[in-house]
Amino acid sequence: MTAPAPRPLLVVDAANVVGSVPDGWWRDRRGAATRLRDAVARIADDGLPQLPGPLDVVLVVEGAARGVADTPGVHVLAAPRSGDDAIVDLVRQETALRPTIVVATADRGLRDRVTALGAQIVGPRTLPYP
């Protein structure tokens, strides 16, 4: 019996996605990251139109957004320094383990770094946020 194929991984650049919606997020970064976490938890089972579920979802937070807890369907990774560096490190680690890794971000520099490692990109508006 063969092991099941690993689930696709969706890595969410929380700072970039939250920052794409001018809703006052800067007054409560942790609250904004929590709302994003809860929104993306809804897609863990069903996926996205271009990325069928079930998915493993990792929300990468940094700075004042640290402290957001995991929730069913979403693992929250608190970046010790740069969120972008944590995302690149995660993609690098997972590339050998998963056939599909998708990063949700509009950050051009980050897009270039993770696509060089084999990840795909979706923009912030692909996610159900706000």
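This is a tutorial dialogue on reading a predicted model, feature by feature.

Biologist: Let's start with the helices. How many residues does helix H2 have, and what should they span?

Modeller: Happy to! Keep in mind that this is a predicted model. Helix H2 runs over residues 29-41, and its 13 residues should span 18 Å at 1.5 Å a residue.

Biologist: Which residues of H2 are buried?

Modeller: The general idea comes first. An α-helix has 3.6 residues a turn, so residues three or four places apart point the same way. In H2, the buried residues are Gly31, Ala32, Ala33, Leu36, Arg37, Ala39 and Val40. They pack against strands S1 (9-13), S4 (56-61) and S5 (74-78), and against helix H1 (14-19).

Biologist: Which residues of H3 are buried, and what covers them?

Modeller: The buried set in H3 is Gly83, Asp84, Ala86, Ile87, Val88, Leu90, Val91 and Glu94. Their cover includes S1, S4, S5, strand S6 and helix H4 (108-115).

Biologist: Now the core. How many residues does the largest nonpolar core have?

Modeller: In soluble globular proteins, nonpolar side chains tend to be buried together. Here the largest nonpolar core has 29 residues, and Leu10, Val12, Leu36 and Leu127 have the most contacts inside it. At least two residues of this core come from each of S1, H1, H2, S4, S5 and S6 (101-104). H2 supplies the largest share, five residues.

Biologist: What does leucine 10 touch?

Modeller: Setting aside neighbours within four places in sequence, leucine 10 is in contact with Ile43, Leu48, Leu51, Leu55, Asp56, Val57, Val58, Val102, Ala104 and Leu127.

Biologist: Which element gives the most, and what is the lining made of by class?

Modeller: H1 gives the most, with four residues. By class, the lining of the largest pocket counts nine nonpolar, two polar and two charged residues.

Biologist: Next, peptide bonds. Is the bond that joins glycine 53 and proline 54 cis or trans?

Modeller: Most residues other than glycine have a negative phi, and most peptide bonds are trans. The bond joining glycine 53 and proline 54 is cis, with omega about 0°. Proline 54 sits in the loop between S3 and S4, and glycine 53 is found in that loop between S3 (51-52) and S4 too. There is also a cis bond from tyrosine 129 to proline 130, with omega near 5°. Proline 130 belongs to the segment after strand S7 (120-122).

Biologist: Is glycine 53 buried, partly exposed or exposed?

Modeller: Glycine 53 counts as partly exposed because its relative accessibility is 31%, which lies between the 20% and 50% cut-offs. Leaving aside neighbours within four places in sequence, glycine 53 is in contact with Asp45, Asp46 and Gly47.

Biologist: And alanine 44, buried or exposed?

Modeller: Alanine 44 has a relative accessible area of 4%, so it is buried. Its place is in the loop between H2 and strand S2 (47-48). Not counting residues up to four places away in sequence, alanine 44 touches Pro54, Leu55, Val57 and Gly73.

Biologist: Last one: how far apart are the C-alpha atoms of proline 6 and arginine 98?

Modeller: These two residues are 92 residues apart along the chain, yet their C-alpha atoms are separated by 5.9 Å. Proline 6 lies in the segment before S1. Apart from neighbours within four places in sequence, proline 6 is in contact with Leu97, Arg98 and Pro99. With a relative accessible area of 39%, proline 6 is partly exposed.

Methods:
Residues are numbered from 1 along each chain as its sequence is written. This is a predicted model: local features need pLDDT of at least 70, side-chain atom pairs count only at pLDDT 80 or more; totals for chains, interfaces and linings use all residues. Side-chain values use heavy atoms; hydrogens and water are left out. The expected span of a helix is 1.5 Å times one less than its number of residues. Buried means under 20% relative accessible area, exposed over 50%, partly exposed in between (1.4 Å probe, protein chains only). Contact means heavy atoms within 4.5 Å. Ala, Val, Leu, Ile, Met, Phe, Trp, Tyr, Cys and Pro count as nonpolar, Asp, Glu, Lys and Arg as charged, and the others, Gly among them, as polar. A nonpolar core is a set of buried Ala, Val, Leu, Ile, Met, Phe, Trp, Tyr and Cys residues joined through side-chain atoms within 4.5 Å.
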